[in-house]
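Subject: Structure for you to look at

Hello,

Here is the structure I promised to hand over. Please open it beside this email and follow along.

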Amino acid sequence: MFADGEIALRPLVPDDLPARYAWRIDTQTHLISDSRPLLPITWERFVEHQSGRVKSPDHEDFTITRGGQQVGYCQLVLYDNLARSAMLGISLAPDARGQHIGRRACELLLDHAFRDRGLHRVWLGTSSINEAGQRAYRAAGFIEETRERERSWVDGRYVDEIRMGILRREWEARRGEHAQG
Amino acid sequence: MLKGERVTLRPVRLDDLPTLYDALIDPDTWHATNDTALWPMPFAEYEQLHAKRAAEEAAEFSVEVDGELIGRCALWQLDDLARNANLGINFGRAHQGKGYGKDTIRVLLDYAFNKRNLHRVQLEVLATNVSAMAAYAACGFVDEGRLREHAYVTGAWVDLVVMGVLRKEWLAAYGGR
């Protein structure tokens with residue numbers, strides 16, 4: 001649906017699920033992307049949960065591809081129709097990290113959020129230990145707004161939880177710079 | 001059940017619901033305390049909401065002063081893994097600005113840390129609600145930043161301030177009981 005060179009976002013298809021399941025139960029992926037307990041979720045339950053999820057404009061789920069191959073997924077959820085905001089989430093395959101794919105996928109999703117959905121604000125939450133994620137979010141235009149001390153329990157210790165946000169006018173200013181540059 | 005200097009926290013009774021409901025849908029109170037849309041919630045809906053809350057492990061209390069119901073308070077969204085929860089308070093308009101808030105917050109934090117063994121308690125408050133922020137700060141909550149323009153209240157975007165207090169901070173300030 002949306003593309004930046006070889007990086008693209010498209011709707012989820014059933015064939016994407018086995019890889020997503022593998023990331024879901026990967027301990028390293030869980031460490032940086034999920035503050036809920038690591039659970040031995042079964043394949044059947046995972047599929048049931050995915051198909052039972054409400055498919056609506058208020059829960060957008062994109063598969064991220066590079067050269068047509070799935071390398072992760074990203075989401076816009078928790079739409080707030082009053083404040084015109086939504087939460088962004090993203091997860092990349094372990095071998096797709098460190099190559100600026102996250103930043104480019106975030107930029108595509110932000111363009112969609114502000115241009116197509118008319119949002120006022122997009123925000124996200126991330127663990128303080130996910131430093132690569134924070135670099136990617138900052139590069140995509142997010143600003144750190146809150147740091148909740150010892151909010152999450154990750155692998156035997158408390159870590160901070162960070163929330164970041166970008167406002168519509170900041171996204172517009174970035175677009176203007178790109179157009180001039 | 002739980003006693004502060006002036007306030008008593010006890011389980012919610014069904015005959016509390018009309019009073020709590022009136023306090024909830026009061027527009028001024030709603031806009032001062034709530035970042036969701038004001039809507040004409042039917043009373044039956046509020047009863048269902050209460051039943052749902054009561055069925056959870058959450059800690060939902062009615063607050064009394066001298067036997068009179070003045071509002072409610074709660075620890076909600078309990079995180080079993082990280083051992084934290086959100087704190088919320090809602091008083092009827094006639095009972096605001098009398099110091100009952102701080103009294104209630106202290107009782108609720110004592111319950112959170114000493115009875116429920118939580119590690120942390122947090123909340124989000126509209127940046128326009130200066131008196132509430134002052135009350136939270138007086139009870140040990142630390143300002144942890146603000147979610148910019150995260151709420152839309154009566155015609156304008158407003159920041160949401162995030163505040164949190166850790167068990168060790170609470171114990172250092174009030175723990176040597």
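Start with chain B: buried residues make up 34% of its 177 residues. A residue is buried if 20 or more other C-beta atoms lie within 10 Å of its own, exposed if 12 or fewer, and partly exposed in between; the C-beta atoms are placed from the backbone. Before you go on, note that this is a predicted model, in which local features need pLDDT of at least 70 and side-chain atom pairs count only at pLDDT 80 or more, while totals for chains, interfaces and linings use all residues. Residues are numbered from 1 along each chain as its sequence is written, and chains are lettered from A and ligands numbered from 1 in the order in which they are written.

**Chain B overall**

Chain B has six helices and eight strands. Helices (H or I, at least four residues) and strands (E, at least two) are DSSP runs, numbered from the N terminus. From that end, the order in chain B is β-β-α-α-α-β-β-β-α-β-α-β-β-α. The C-alpha trace of chain B spans about 45 × 40 × 35 Å along its principal axes. Its radius of gyration is 16 Å, which agrees with the value near 16 Å for a compact globule of 177 residues. That radius is taken over C-alpha atoms, and the globule rule is 2.2 Å times the number of residues to the power 0.38.

Contacts come next. Two residues are in contact if their C-beta atoms, placed from the backbone, lie within 7 Å. Take the contacts in chain B between residues at least 6 apart in sequence: 59% of them join residues at least 24 apart.

**Chain A overall**

Chain A comes to six helices and eight strands. Its pattern along the sequence is β-β-α-α-α-β-β-β-α-β-α-β-β-α. Chain A has a radius of gyration of 16 Å, close to the 16 Å that the globule rule gives for 181 residues, so it is as compact as a globular protein of that length. Its C-alpha atoms fill a box of roughly 50 × 40 × 35 Å, taken along the principal axes. Buried residues make up 34% of the 181 residues. Of the contacts in chain A with a separation of 6 or more, 61% are between residues 24 or more positions apart.

In chain B, look at helix H4 (residues 100–115) and helix H5 (residues 130–138). Their axes come within 9 Å and cross at roughly 40 degrees. Axes are lines fitted to C-alpha atoms, for helices over the stretch in contact, and angles run from 0 to 180 degrees between N-to-C directions. H4(B) and H5(B) are therefore oblique to each other. Angles under 35 degrees count as roughly parallel, over 145 as roughly antiparallel, 65 to 115 as roughly perpendicular and the rest as oblique. Gly101(B), Lys102(B) and Ile105(B) in H4(B) meet Ala135(B), Tyr136(B) and Ala138(B) in H5(B).

In chain A, the axes of helix H4 (residues 101–116) and helix H5 (residues 131–139) come within 8 Å and cross at roughly 40 degrees. That makes H4(A) oblique to H5(A). On the H4(A) side, Gly102(A), Arg103(A) and Cys106(A) meet Gly133(A), Ala136(A), Tyr137(A) and Ala139(A) of H5(A).

**Where the chains touch**

How many residues does each chain give to the contact? Chain A gives 19 residues and chain B gives 21. On the side of chain A that touches chain B, strand S6 (121–127), strand S7 (143–154) and strand S8 (157–167) each give two or more residues. S7(A) has the largest share, nine residues.

Gly165(A) sits in strand S8 of chain A. Is Gly165(A) buried or exposed? It counts as buried, with 24 C-beta neighbours inside 10 Å. Beyond its neighbours within four places in sequence, the contacts of Gly165(A) include Trp123(A), Glu145(A), Leu147(B) and Arg148(B). Gly165(A) and Glu145(A) are 20 residues apart in sequence and 6.7 Å apart in space, C-alpha to C-alpha.

**Two residues with positive phi**

His100(A) is not a glycine, yet its phi is positive, about 65 degrees. His100(A) is in the loop between strand S5 (85–92) and H4 of chain A. It counts as exposed, with 12 C-beta neighbours inside 10 Å.

Asp66(B), also a residue other than glycine, has a positive phi near 50 degrees. Find Asp66(B) in the loop between strand S3 (59–65) and strand S4 (68–79) of chain B. Asp66(B) is exposed, with 8 other C-beta atoms within 10 Å.

Best wishes
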